[in-house]
Amino acid sequence: MSNPYRPIKTEVLDVITETSTIKTFRLKPKEPISFISGQFIELTVPGVGEAPFTPSSRPSVKETMEVSVMKVGKVTEKIHELKKGDIVGLRGPLGKGYPLEKFKGNEILVVGGGCGLAPLRSLMYELFDNSKDFKNIFFRGGCKTHKDFLFKDETAEWAKRKDLNMRLTVDVGDKAWKGHVGLITTILDDVKMDYKKGIAVVCGPPIAMKFTTLKLLDLGFKDENVYLSMEKNMSCGIGKCGHCRIGTYYACKDGPVFTYDKIKNFHEIWA
Ligand SMILES: Cc1cc2nc3c(=O)[nH]c(=O)nc-3n(C[C@H](O)[C@H](O)[C@H](O)COP(=O)(O)OP(=O)(O)OC[C@H]3O[C@@H](n4cnc5c(N)ncnc54)[C@H](O)[C@@H]3O)c2cc1C
Ligand code: FES
């Protein structure tokens, strides 16, 4: 990346409505962008502002990129109004993603909830593309109700994969949902792997990350093998402004992916 402040002109190729509050945007930057899953980009809406998002698409696809955006405020509302053919700015990739080299040869458990499933989709495709490098891959996903799941058609396809052990849950069931009902922590006990050596990746709302992490440690995962994605409020995205501080770290530059041992003593991690 030559100039981290310079947004690259980017065309909106497609807009997919995932849920009542989340849309996926397929983007085509004027210059191809390579990213590692877990890294983030800053998306600029001209005249409105910019906000950080973690690409949800396959990292091996360089010409286009997808971001899945939840509507929560000023910038994300404007992003939700974008249509095919609109132009936005994109800068990045920024920060540190998942260290796939370190994961090789290990059993991997990926756990996500709500909008956290967006960055994890990118990681799952990276794991699928290299699945022979990992001993076993487990995926556990949760949402409030079945209507809140992102990528429903794709996860239905994932469920058929021989190289993946997958389970989904919802907090609140209804007639249309035939699967498990309960918090994400209730579908972790049947992950049969060597917890002491295994790698766990967790992404989701802070409260879900907190209780998932505590459960994983209870099962026997080591602090240094639990990877968390810290979506702190950001501004510059490149370690200059201090907005995203976590103890002695800047989430934008030293993260957003951290192992639990690095940040566990900072009270702000679950805020
Ligand atoms: C590294 C990183 C990756 C992210 N990836 C995604 C993603 O893939 N998809 C997605 O939908 N969102 C993601 N977010 C969150 C997203 O950046 C915020 O939702 C967005 O900045 C809100 O902007 P806004 O102007 O719409 O909201 P505002 O009007 O600024 O605020 C609305 C609400 O959102 C909260 N908020 C504002 N900025 C952030 C922030 N950076 N992180 C968390 N909460 C915030 C505010 O506290 C407030 O409660 C990510 C954030 C970070 C830091
Ligand atoms: S966002 Fe400016 S230092 Fe992290």
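The place of Pro 256 is in the loop between helix H6 (251–254) and strand E15 (257–259), where helices (H or I, at least four residues) and strands (E, at least two) are DSSP runs numbered from the N terminus. This is a predicted model, in which local features need pLDDT of at least 70 and side-chain atom pairs count only at pLDDT 80 or more, whereas totals for chains, interfaces and linings use all residues. Residues are numbered from 1 along each chain as its sequence is written, and chains are lettered from A and ligands numbered from 1 in the order in which they are written.

The peptide bond that leads from Gly 255 into Pro 256 is cis, with omega near 10 degrees. Pro 256 is buried, with 27 other C-beta atoms within 10 Å; a residue counts as buried if 20 or more other C-beta atoms lie within 10 Å of its own, as exposed if 12 or fewer do, and as partly exposed in between, with C-beta atoms placed from the backbone. Apart from neighbours within four places in sequence, Pro 256 is in contact with Phe 40, Gly 95, Ser 229, Met 230, Glu 231 and Ala 251, a contact being a pair of residues whose C-beta atoms, placed from the backbone, lie within 7 Å. Pro 256 and Glu 126, which are 130 residues apart in sequence, are 18 Å apart in space, C-alpha to C-alpha.

A cis peptide bond also runs from Gly 92 to Pro 93, with omega near 5 degrees, and Pro 93 belongs to strand E6 (residues 87–94). A further backbone feature is found at Phe 151, a residue other than glycine whose phi has a positive value, near 55 degrees. Phe 151 sits in the loop between strand E8 (136–143) and helix H4 (152–158).

Asn 225 is placed in the loop between helix H5 (206–219) and strand E12 (226–229). Not counting residues up to four places away in sequence, Asn 225 touches Gly 198, Ile 199 and Ala 200. Asn 225 and Thr 259 are separated by 34 residues in sequence and by 6.5 Å in space, C-alpha to C-alpha.

| Buried residue | Other C-beta atoms within 10 Å |
|---|---|
| Pro 256 | 27 C-beta atoms |
| Asn 225 | 22 C-beta atoms |
| Phe 151 | 20 C-beta atoms |

The C-alpha atoms fill a box of roughly 50 × 45 × 35 Å, taken along the principal axes. For 271 residues a compact globule would have a radius of gyration near 18 Å, and the chain agrees with this at 18 Å; the radius is taken over C-alpha atoms, and the globule rule is 2.2 Å times the number of residues to the power 0.38. Buried residues make up 42% of the 271 residues, and of the contacts with a separation of 6 or more, 70% are between residues 24 or more positions apart.

The domain assignment gives domain 1 (8–93) and domain 2 (100–229), with bounds that come from an automatic or database assignment. Their C-alpha centres lie 24 Å apart, and the contact between the domains takes 14 residues from domain 1 and 13 residues from domain 2. On the side of domain 1 that touches domain 2, the residues divide into four nonpolar, eight polar and two charged; here Ala, Val, Leu, Ile, Met, Phe, Trp, Tyr, Cys and Pro count as nonpolar, Asp, Glu, Lys and Arg as charged, and the others, Gly among them, as polar.

The largest nonpolar core has 67 residues, and those with the most contacts inside it are Ile 108, Val 110, Ala 200, Val 201 and Val 202; such a core is a set of buried Ala, Val, Leu, Ile, Met, Phe, Trp, Tyr and Cys residues joined through C-beta atoms within 7 Å. Helix H3 gives the largest share of this core, six residues. Because both domain 1 (8–93) and domain 2 (100–229) give residues to this core, it lies between them. Beyond its neighbours within four places in sequence, Val 201 is in contact with Tyr 98, Ile 108, Val 110, Leu 123 and Tyr 227.

Around ligand 1 there are 22 residues, of which Ala 51, Met 70, Gly 73, Val 75 and Thr 76 come nearest; a residue is near a molecule if its C-beta atom, placed from the backbone, lies within 6 Å of it. Two or more residues of this shell come from each of strand E4 (49–53), strand E5 (65–70), helix H1 (74–80) and helix H3 (117–129), and E5 gives the largest share, four residues. The shell divides into 14 nonpolar, five polar and three charged residues, and it draws at least three residues from each of domain 1 (8–93) and domain 2 (100–229).

Conventions
Contact = placed C-beta atoms within 7 Å.
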